[in-house]
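Subject: Structure handover

Hello,

I am passing this structure on to you. Please have it open while you read the notes below.

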Amino acid sequence: MAKHLTTREADYSKWYNELVVKADLAQNSGVRGSMVIKPYGFAIWERIQADLDRRFKETGHMNAYFPLFIPKSYFSKEASHVDGFAKECAVVTHYRLMDDPNGGGVVVDPSAKLEEELIVRPTSETIIWDTYKDWIQSYRDLPILVNQWANVVRWEMRTRLFLRTAEFLWQEGHTAHATKQEAIAEAETMLDVYTDFVQDVMAIPVLRGLKTEGERFAGALETYCIEALMQDGKALQAGTSHFLGQNFAKAFEVKFQNKEGKQEYVWATSWGVSTRLMGALIMTHSDDNGLVLPPKLAPYQVVIVPIYKGQEQLDAISEVAEDLMGQLRAKGITVKYDNRDTHKPGWKFNQYELQGIPLRIAIGPKDLEKGSVELARRDTLTKQFVDQKEVSTKVPELLDEIQHTLFQKALDFREAHSQEANSWEEFETLMKGNPGFVYAHWDGTTETENKIKELTKATIRCIPLDAKEEDGVCVLTGKPSKQRVVFAKAY
RNA sequence: CGGGAAGUGGCGCAGGUGGUAGCGCAUCUGGUUUGGGACCAGAGGGUCGCAGGUUCGAGUCCUGUCUUCCCGACCA
């Protein structure tokens with residue numbers, strides 16, 4: 001009968017996998033490394049999408065769609081880009097199947113070999129810049145501010161639901177600008193958009209920073225990122241925004257004529273977040289009873305469960321429930337009334353806790369007598385009796401409070417798991433576990449960064465944007481350093 | 001790609017030395033229940049991943065193959 005989740009303490013990674021499956025978010029499919037996102041999980045993703053999409057449009061972007069397939073030759077045009085992705089590409093080589101001459105089934109028709117192989121996009125810079133070439137002649141054609149919602153494929157060796165799947169859903173923004181300053185400003189603006197969204201809507205605090213040269217996106221001059229800390233003390237990259245310089249413009253010969261009549265290469269950015277955010281959401285807020293959702297992302301913010309004997313009692317309860325639902329919906333709150341007779345109340349309580357519904361209202365015979373309801377909070381697992389008349393004011397207040405509490409709790413956790421390391425001994429000792437964010441001095445070289453990774457498995461998550469200048473010495477080499485960078489073990 | 005494990009009803013598993021498949025959960029029916037994952041009684045459902053081979057006979061032995069999961073190097 002024990003349907004309980006593995007606890008986080010017993011096995012964090014097992015807890016995560018069980019939660020994703022039992023809360024009906026996603027499941028593994030018959031396709032290696034590729035998941036099925038189930039309706040409940042997709043409903044959460046849709047809310048993420050809707051909010052981000054609004055923010056993209058408010059910052060002047062429009063959506064477009066580019067092909068899934070990219071000719072192989074496009075890839076080799078930007079050298080560091082191809083280096084970064086070559087080892088994880090799915091390649092289409094044929095376009096036809098035929099009956100297997102040796103028996104049942106079908107085989108690839110060897111005569112249907114493609115002249116040029118097609119790459120299933122791992123990211124779309126190349127096909128997009130090949131297209132932008134046709135769109136841009138003059139400074140009057142700039143800027144181009146485009147986003148696309150799409151699926152991409154990266155042939156990862158080891159996959160995990162939402163965190164790393166061979167195929168994943170994301171959005172990728174690709175912009176073109178006349179000046180370097182404008183492109184950098186765009187990359188920074190989008191980092192702000194991501195920061196606001198992840199903190200305000202997902203209730204996940206993030207560090208903002210720059211990636212080191214070694215961790216930078218393949219083909220970028222600068223990668224801005226937001227980094228979140230998970231409950232097990234490991235870091236998760238939640239979003240990136242890249243200043244691409246003129247690399248792609250040069251690779252695809254995208255020039256424009258400026259006001260002085262001279263030909264110039266276009267400046268570029270790209271930025272993206274993926275279904276990986278679902279993983280961040282789960283690993284930031286959830287507990288041993290299941291998913292905990294911030295109200296702003298919950299497919300249903302409130303669920304009403306009737307407790308009754310017989311049709312007559314159900315009818316009386318339904319009347320109250322319908323009335324409350326009307327009042328809540330009028331305030332823009334999403335409510336579900338679960339009057340199914342096929343499951344018992346206790347079963348429903350557990351199910352909705354597992355699925356992270358922020359507030360649960362139970363109405364039973366006692367409540368009919370007293371004119372009350374039982375209101376239960378998912379985040380604190382506390383219950384209170386509330387007068388039916390007060391529900392429509394109490395619920396919005398509580399939803400706000402839950403949203404705020406979740407963020408604050410995650411922020412407190414991050415602060416409690418952020419520390420400085422001032423010597424190699426200290427650093428090494430910390431990194432024997434998953435200590436969270438460790439602020440330490442670094443000499444600025446990729447060589448040292450790699451050495452530290454080799455020795456401790458810790459990577460530089462970012463060079464914080466708001467870091468104060470501080471003289472110090474590299475934790476490994478003892479060479480001088482002007483500011484601390486953030487180390488952690490990462491997903 | 002290197003190391004390990006596993007494929008048997010929807011899910012989780014059991015099936016010494018070969019003899020024609022079983023358990024728990026889930027499902028369905030009837031009844032009693034309903035304030036934290038109900039109970040009783042009955043029922044349905046599997047060519048044992050796939051392809052060969054050995055054998056009178058293969059879930060079991062042999063060969064090949066595919067897939068999935070876990071651990072490492074890579075990554076949003």
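Strand 16 puts W267, T269, W271 and V273 on one side. A268, S270, G272 and S274 point the other way. Every one of these residues is buried. In a regular strand, side chains alternate between the two faces of the sheet. With 8 of its 8 residues buried, strand 16 is therefore largely enclosed by the rest of the structure. Please keep in mind that this is a predicted model.

Which strands pair with strand 16? Strand 10 is joined to strand 16 by 8 bridges, and the two run antiparallel. Within that pairing, H174 has S270 as its bridge partner. Strand 13 is joined to strand 16 by 5 bridges, again antiparallel. There, T240 has G272 as its bridge partner.

L210 stands opposite Y224 of strand 12.

Q419 has V438 of strand 23 as its bridge partner. Strand 23 (residues 437-441) is mostly covered, with 4 of its 5 residues buried.

Helices against the sheet

What about helix 8 (residues 276-285): buried or exposed? 10 of its 10 residues are buried, so helix 8 is largely enclosed by the rest of the structure. Its buried residues run from R276, L277, M278, G279 and A280 to L281, I282, M283, T284 and H285. The cover over helix 8 includes helix 1 (12-22), helix 2 (39-58) and helix 12 (391-416). Strand 12, strand 13 and strand 16 are also part of that cover.

The core

The largest nonpolar core has 119 residues. V20, I204, I226, A228, A238 and V266 have the most contacts inside this core. Helix 6 (residues 180-201) gives the largest share, 8 residues.

A228 is worth a look. Which residues does A228 contact, leaving aside its neighbours within four places in sequence? They are I204, V206, L236, A238, A280 and T284. Two of these contacts, A280 and T284, are among the buried residues of helix 8.

The RNA side

RNA strand B is surrounded by 41 residues. The closest are R32, M157, G346, G364 and K366. Several elements give two or more residues to the surface near RNA strand B: strand 13, helix 10 (345-354), helix 11 (365-370) and strand 20 (372-377). Helix 10 gives the most, with 8 residues. How do the residues of this surface divide? There are 14 nonpolar, 11 polar and 16 charged.

Helix 10 also holds F349. F349 has 16 C-beta neighbours inside 10 Å, so F349 counts as partly exposed. Not counting residues up to four places away in sequence, F349 touches V305 and R360. T380 is 31 residues from F349 along the chain, and their C-alpha atoms are separated by 14 Å.

The whole chain

Chain A has 14 helices and 27 strands. Its C-alpha atoms fill a box of roughly 80 × 65 × 55 Å, taken along the principal axes. Buried residues make up 38% of the 491 residues in chain A. Now take the contacts in chain A between residues at least 6 apart in sequence: 68% of them join residues at least 24 apart.

Best wishes

Technical notes. Residues are numbered from 1 along each chain as its sequence is written. Chains are lettered from A and ligands numbered from 1 in the order in which they are written. This is a predicted model: local features need pLDDT of at least 70, side-chain atom pairs count only at pLDDT 80 or more; totals for chains, interfaces and linings use all residues. A nonpolar core is a set of buried Ala, Val, Leu, Ile, Met, Phe, Trp, Tyr and Cys residues joined through C-beta atoms within 7 Å. A residue is buried if 20 or more other C-beta atoms lie within 10 Å of its own, exposed if 12 or fewer, and partly exposed in between; C-beta atoms are placed from the backbone. Two residues are in contact if their C-beta atoms, placed from the backbone, lie within 7 Å. Two strands pair if DSSP finds at least two bridges between them. A residue is near a molecule or strand if its C-beta atom, placed from the backbone, lies within 6 Å of it. Ala, Val, Leu, Ile, Met, Phe, Trp, Tyr, Cys and Pro count as nonpolar, Asp, Glu, Lys and Arg as charged, and the others, Gly among them, as polar.
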